[in-house]
Amino acid sequence: METLYKPSVDVTLLSAAPLYKERLLTVILTGMGDDGLRGCRKVKQLGGLVLTESKETCVVYGMPKVIDEAGLSDEQAPLFKMYDKIRHALL
């Protein structure tokens, strides 16, 4: 897969999503660009869960913003609440 970003969130998620399907929890935190968009789209197609960091705590609201605007985020949360969101999703 050709990608601008190395390492690449898309490469990782496109590899993991078919293996873990609805058991895959993806968390997109602060970052630049659209790396993760294709991967999150695949995660959602296969029934996985996607959480994104909210704008208020992002250093760079690029990656989470792209995921949010594409309608792929199941929930947004500030960084200081992400642990609880992850824990809750795993229960």
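Helix 2 buries Leu-37, Gly-39, Cys-40 and Val-43. These residues span an arc of only 160° around the axis, so they sit on the same side of helix 2. The model is a predicted one.

- The buried residues of helix 2 pack against helix 1, strand 1, strand 2 (49–53) and helix 3 (63–69).

**Helix 1**

- Helix 1 covers residues 9–20, twelve in number. From first C-alpha to last, helix 1 reaches 16 Å, close to the 16 Å expected at 1.5 Å a residue.
- Its buried residues are Asp-10, Leu-13, Ala-16 and Ala-17. Viewed down the axis of helix 1, the buried residues fall within an arc of 140°, so they line one face.
- Thr-12 and Leu-19 are exposed on the other side of helix 1.
- Strand 1 (25–28) and helix 2 (37–45) are among the elements that cover the buried residues of helix 1.
- At the start of helix 1, a side-chain oxygen of Ser-8 comes within 3.2 Å of the backbone nitrogen of Asp-10.

**Ala-17, in helix 1**

- Ala-17 lies in helix 1. Ala-17 counts as buried because its relative accessibility is 2%.
- The C-alpha atoms of Ala-17 and Val-43 are separated by 5.2 Å, although the two residues are 26 apart along the chain.
- Leaving aside neighbours within four places in sequence, Ala-17 is in contact with Leu-24, Lys-42, Val-43 and Leu-46.

- Lys-21 sits in the loop between helix 1 and strand 1. Lys-21 is not a glycine, yet has a positive phi of about 45°.
- With a relative accessible area of 41%, Lys-21 is partly exposed.

- Asp-35 is in the loop between strand 1 and helix 2.
- Asp-35 is buried but has no salt bridge. Arg-38, the nearest side chain of opposite charge, is 6.0 Å away.
- Not counting residues up to four places away in sequence, Asp-35 touches Tyr-5, Pro-7, Ser-8, Val-9, Asp-10 and Met-63.

**Salt bridges**

- The structure holds four salt bridges. Three of these pairs follow here. Their details are below.
- Lys-44 and Asp-74 meet through their side chains in a salt bridge of 2.7 Å, N to O. This pair links distant parts of the chain: Lys-44 is in helix 2, and Asp-74 is in the loop between helix 3 and strand 3 (75–77), 30 residues apart. Lys-44 counts as partly exposed at 26% relative accessibility, and Asp-74 counts as partly exposed at 38%.
- Glu-75 forms a salt bridge with Lys-85, with the closest N and O atoms 2.7 Å apart. Glu-75 lies in strand 3 and Lys-85 in helix 4 (residues 79–90), so the pair ties together parts ten residues apart in sequence. Glu-75 is partly exposed, with a relative accessible area of 32%. Lys-85 is partly exposed, at 28%.
- Lys-65 forms a salt bridge with Glu-69, with the closest N and O atoms 3.9 Å apart. Both residues lie in helix 3, four residues apart, about one turn of the helix. Lys-65 counts as partly exposed at 35% relative accessibility, while Glu-69 counts as exposed at 61%.

Note on methods: Residues numbered from 1 in each chain as written. Predicted model: local features only at pLDDT ≥ 70, side-chain atom pairs only at ≥ 80, totals over all residues. Heavy atoms only, no water. Helix = DSSP H or I, 4+ residues; strand = E, 2+ residues; numbered from the N terminus. Expected span 1.5 Å × (residues − 1). Buried < 20%, exposed > 50% of the residue type's maximum accessible area, 1.4 Å probe, protein only. Arc of directions from axis to C-beta. Contact = heavy atoms within 4.5 Å. Polar contact = N/O pair within 3.5 Å; in protein donor to acceptor, adjacent residues only side chain to side chain. Lys, Arg positive; Asp, Glu negative; His and termini not counted.
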